[in-house]
Amino acid sequence: MEGGAAHWVEFYDRMIAIESEVLATMEDFAKRLSDEELRAVEITDLEPMRALIAEFKRRANLWREVVR
């Protein structure tokens, strides 16, 4: 079981890194938008991305508990 758990910790850590990089790029782009455009991007892109990263962190932490 631990080999499987370690795999998922590594998987989610990689996904967190990738999605965090995408989010940083999106946030940088969003700085150049009007207030109206920024709000639309926040709702449709940034907030869901942040939620996805938070979920990946939650899953990685659950698998870390199995590894311990």
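1. Arg68 is exposed, at 70% relative accessibility. Here buried means under 20% relative accessible area, exposed over 50%, and partly exposed in between (1.4 Å probe, protein chains only). Arg68 pairs with Glu65 in a salt bridge, with the closest N and O atoms 3.2 Å apart. A salt bridge requires a side-chain nitrogen of Lys or Arg within 4 Å of a carboxyl oxygen of Asp or Glu.

2. On provenance: this is a predicted model, in which local features need pLDDT of at least 70 and side-chain atom pairs count only at pLDDT 80 or more, while totals for chains, interfaces and linings use all residues. Residues are numbered from 1 along each chain as its sequence is written, and side-chain values use heavy atoms, leaving out hydrogens and water.

3. How many salt bridges does a search of the whole structure find? The search finds nine. One of them joins Arg50 and Glu27, with the closest N and O atoms 2.9 Å apart. This pair links distant parts of the chain: Arg50 sits in helix H2, Glu27 in helix H1, and 23 residues separate them. Helices are DSSP runs (H or I, at least four residues), numbered from the N terminus. Arg50 is partly exposed, at 32% relative accessibility. Glu27 is also partly exposed, at 30%. With Glu42, Glu27 and Arg50 form a network of salt bridges.

4. Arg14 and Glu10 form a salt bridge too, at 3.8 Å from N to O. Both lie in helix H1, four residues apart, so about one helical turn separates them. Arg14 is partly exposed, with a relative accessible area of 43%. Glu10 is partly exposed at 48%. Side chains of opposite charge can pair when their charged atoms come close.

5. Glu19 deserves a look. This residue of helix H1 (residues 2-30) is buried but has no salt bridge. Which side chain of opposite charge is nearest to Glu19? That is Arg59, 11 Å away. For charge, Lys and Arg count as positive and Asp and Glu as negative; His and the chain ends are not counted. Leaving aside residues up to four places away in sequence, Glu19 touches Met49, Leu52, Ile53 and Phe56. Contact means heavy atoms within 4.5 Å.

6. The largest nonpolar core has 11 residues, among them Tyr12, Ile16, Leu23, Met49, Ile53 and Phe56. H1 and helix H2 (35-67) each supply at least two residues of this core. H2 gives the most, with six. The core is defined as a set of buried Ala, Val, Leu, Ile, Met, Phe, Trp, Tyr and Cys residues joined through side-chain atoms within 4.5 Å. Leu23 touches Leu46, Met49, Arg50 and Ile53, not counting residues up to four places away in sequence. In soluble globular proteins, nonpolar side chains tend to be buried together.

7. Now the aromatics. The count comes to five aromatic pairs. The rings of Trp8 and Phe11 have centres 5.3 Å apart and planes at 80 degrees, so this pair is edge-to-face. Rings of Phe, Tyr and Trp (its six-membered ring) pair if their centres lie within 6.5 Å; planes under 30 degrees apart are stacked, over 60 edge-to-face, the rest tilted. Trp8 is partly exposed at 32%, and Phe11 is partly exposed at 25%. Phe11 and Tyr12 are edge-to-face as well, because their ring centres are 5.0 Å apart and their planes stand at 75 degrees. Tyr12 is buried, at 9%. Ring pairs link Trp8, Phe11, Tyr12, Phe56 and Trp63 into a cluster.
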